[in-house]
Amino acid sequence: MYMASSIIKLEHITHKYHHSVALSDVSLEVKQGEFWALIGPNGSGKSTLLKIILGLLKPTEGTIQLFGGPIDSFKQQQRIGYVSQKSNAFSTKFPATVLEVVKSGLTSRKGLFKRLNKEDERKAIDALHVVKMGDYQQESIGNLSGGQQQRVFIARALVGQPDLLIMDEPTVGIDRQNVESFYSMLSELNREYGIAILLVTHEIDVVTQLATHVACLNRTIHFHGAHEEYDKMTESELSGWYGHPIRRLHQKETEPIT
Amino acid sequence: MIEAIFTYEFLQNAVLSGLIIGIIAPMLGLFIVVRRMAMISDALSHVALAGIAGSLYLSQQVLFFAALNPVYLGMGAAVVGSLLIERLRRVYKSFEELAIPIILSAGIGFGAIFISLAKGFGTDLVGYLFGSVSAVSRQDLYIVIMIAIIVIAFLYFLYKELFSLAFDPEYARVSGVNEQVIQAAFMIITALVIGASMRIVGILLVSSLMTLPVAAAIQVAKSYKGALMYSIVFGEVAVIIGLISAYYLDIAPGGTIVVTSVIILLFVLFWKKIRS
Ligand SMILES: Nc1ncnc2c1ncn2[C@@H]1O[C@H](COP(=O)(O)OP(=O)(O)OP(=O)(O)O)[C@@H](O)[C@H]1O
Ligand SMILES: [Mg+2]
């Protein structure tokens, strides 16, 4: 029988910032072809978990494997595309065009000392078309709206054709219509190219319909498993770990009521 | 002046060094400014001052130093200073910018000590502080050429890593860019450019040549490549006008170059204002 290979494997991850525990005993495995939605309330440790997977933070305890090997010897950064929660934290006066920003997504694929060429530029333009920003190539990044910038950062994550996409609330600031087309694009990337996805989101209703798997995090993993299993949970089970009430509407969930 | 350039070697040295510095100082300056590190070049130039003053003082005391070009010790001090800043930035993680005044004051402190210990290198020292058209030797020119080759190679081969680090350091780290190594190399390169530039523009004005043309460039450029081109153009214009006026008016070129840069910046700001 065909076994999907392991892309991310977390075992007993605990992370403390100074003395406050952000994550406690988190274990999770993402396999090839899976689309995981990671959900949880504010401050539940979602971004912390992603940063640990990306090697930006070292966990206090626990082990991480990426693409079957330990994270410490992981050298294939080009296989991971990343959109952070605060991508647009740069100065709006930064002199760079949209195209230059997207091309910087090829840094790891090219390798040290190699220069980006016309071929790379073509790839960047293609990625911009995917997020419908093809007309803005020469625009200065600081002149775009927040949602447009976010789409550029998504293009930067896609341009290197990664095997794994890690996204921390990528659709913040993007309007409803474009959010839907973005998610259907993710779903397509996942189904047609087998790209594994780990997506943090508060748009629970949309994403849990598209994702193949759902993980519910609040310091520790309260639920993880296939989408169908998640759907079987009752509202009160969901609300129990989320910390405040969640209602399901027409087989969908609304955003948590705060 | 053209005739004089063909006649006098010192003028050739000054003009060629000036033209080269007009390229490399603003070029590197762009990477410094966009990373909000403009003050670092200031700190390093003051450390270079300590090195120069130390070398001038030692040359009165020890025979070996009398034969040594003070630029070497100045540059060496700046390199050491650059590594110290990197260390301090890690010690004061949440107050990174504190590293700069610490190193800057240390530089001025040592500089002041050496200057008072030694009596009577007044004119030499003024040349190092504000630049000089007549004091640039062939050896100085060769140093400048060597450093220019290193700087251009560094920026050429690590362009995408440096861009990535400047625009989004976290993303650069996720892309596997070795931030610590590149940052250390970057600091050393900055120290070298300061060393190369101080003969012409002077220690006190080196950092202006690294920041003023860039400040004007980012007002007009849309792209990073464009900002790089504008920085170089503004830097070259300032050096050329500055050197010519320094030669005819017989004043320190550091002053004329920097004042020209300021005028270019004001002009660009004014031009932007009337266009919008
Ligand atoms: N750099 C830090 N230093 C100290 N504590 C931190 C740091 N970053 C996060 N924390 C703490 O760790 C916990 C988890 O934060 P994290 O950013 O991972 O949450 P999150 O699930 O991503 O939240 P959100 O939905 O708001 O993005 C929070 O309690 C937060 O205060
Ligand atoms: Mg977060």
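Biologist: Before anything else, what are the ground rules here?

Modeller: This is a predicted model, so local features need pLDDT of at least 70 and side-chain atom pairs count only at pLDDT 80 or more, while totals for chains, interfaces and linings use all residues. Residues are numbered from 1 along each chain as its sequence is written, chains are lettered from A and ligands numbered from 1 in the order in which they are written, and side-chain values use heavy atoms, with hydrogens and water left out.

Biologist: What is the mean pLDDT of chain B?

Modeller: pLDDT is the predictor's confidence in each residue, from 0 to 100. Chain B has a mean of 92, and 99% of its residues reach 70 or more. For the complex, the predictor gives an ipTM of 0.91 and a pTM of 0.92.

Biologist: Which protein atoms hold the magnesium ion (ligand 2) as donors?

Modeller: Donors are N, O and S atoms within 2.8 Å of the metal (3.2 Å for Na, K and Ca); water is not among the atoms, so sites may look incomplete. Here the protein donors are OG of Ser47(A) and OE1 of Gln85(A), 1.9 to 2.1 Å from the ion. They link distant parts of the chain, 38 residues apart: Ser47(A) sits in helix H1 (residues 46-53), and Gln85(A) in the loop between strand E6 (80-83) and helix H2 (98-103) of chain A. Helices (H or I, at least four residues) and strands (E, at least two) are DSSP runs, numbered from the N terminus.

Biologist: How exposed is Gln85(A)?

Modeller: Buried means under 20% relative accessible area, exposed over 50%, and partly exposed in between (1.4 Å probe, protein chains only). Gln85(A) has 37%, so it is partly exposed. Ser47(A), at 21%, is partly exposed too.

Biologist: Why is strand E7 of chain A described as largely enclosed?

Modeller: In a regular strand the side chains alternate between the two faces of the sheet. In E7(A) (residues 164-168), 5 of the 5 residues are buried, so the strand is largely enclosed by the rest of the structure. Leu164(A), Ile166(A) and Asp168(A) point one way, Leu165(A) and Met167(A) the other.

Biologist: Which strands does E7(A) pair with?

Modeller: Two strands pair if DSSP finds at least two bridges between them. E6(A) and E7(A) are parallel over 4 bridges, with Met167(A) as the bridge partner of Val83(A). E7(A) is also parallel to E8(A) (residues 196-200), over 5 bridges, and there Asp168(A) stands opposite Val200(A). Between E7(A) and E8(A) the chain passes through helix H6 (residues 176-193), a β-α-β crossover that is right-handed; that is, with the strands pointing away from the viewer, the path from the first strand over the helix to the second runs clockwise.

Biologist: What does Leu165(A) touch, leaving aside its neighbours within four places in sequence?

Modeller: Contact means heavy atoms within 4.5 Å. Its partners include Gly81(A), Leu186(A), Ile195(A) and Leu198(A).

Biologist: And how many residues are in the largest nonpolar core?

Modeller: A nonpolar core is a set of buried Ala, Val, Leu, Ile, Met, Phe, Trp, Tyr and Cys residues joined through side-chain atoms within 4.5 Å. The largest has 133 residues, and Leu165(A) and Leu186(A) are among those with the most contacts inside it. Apart from it lies another core, of 33 residues, including Leu23(A) and Ile221(A).

Biologist: Where is Leu205(B)?

Modeller: Leu205(B) is in the loop between helix H11 (179-201) and helix H12 (206-220) of chain B, and it is buried at 17% relative accessible area. Its contacts include Leu129(B) and Phe130(B).
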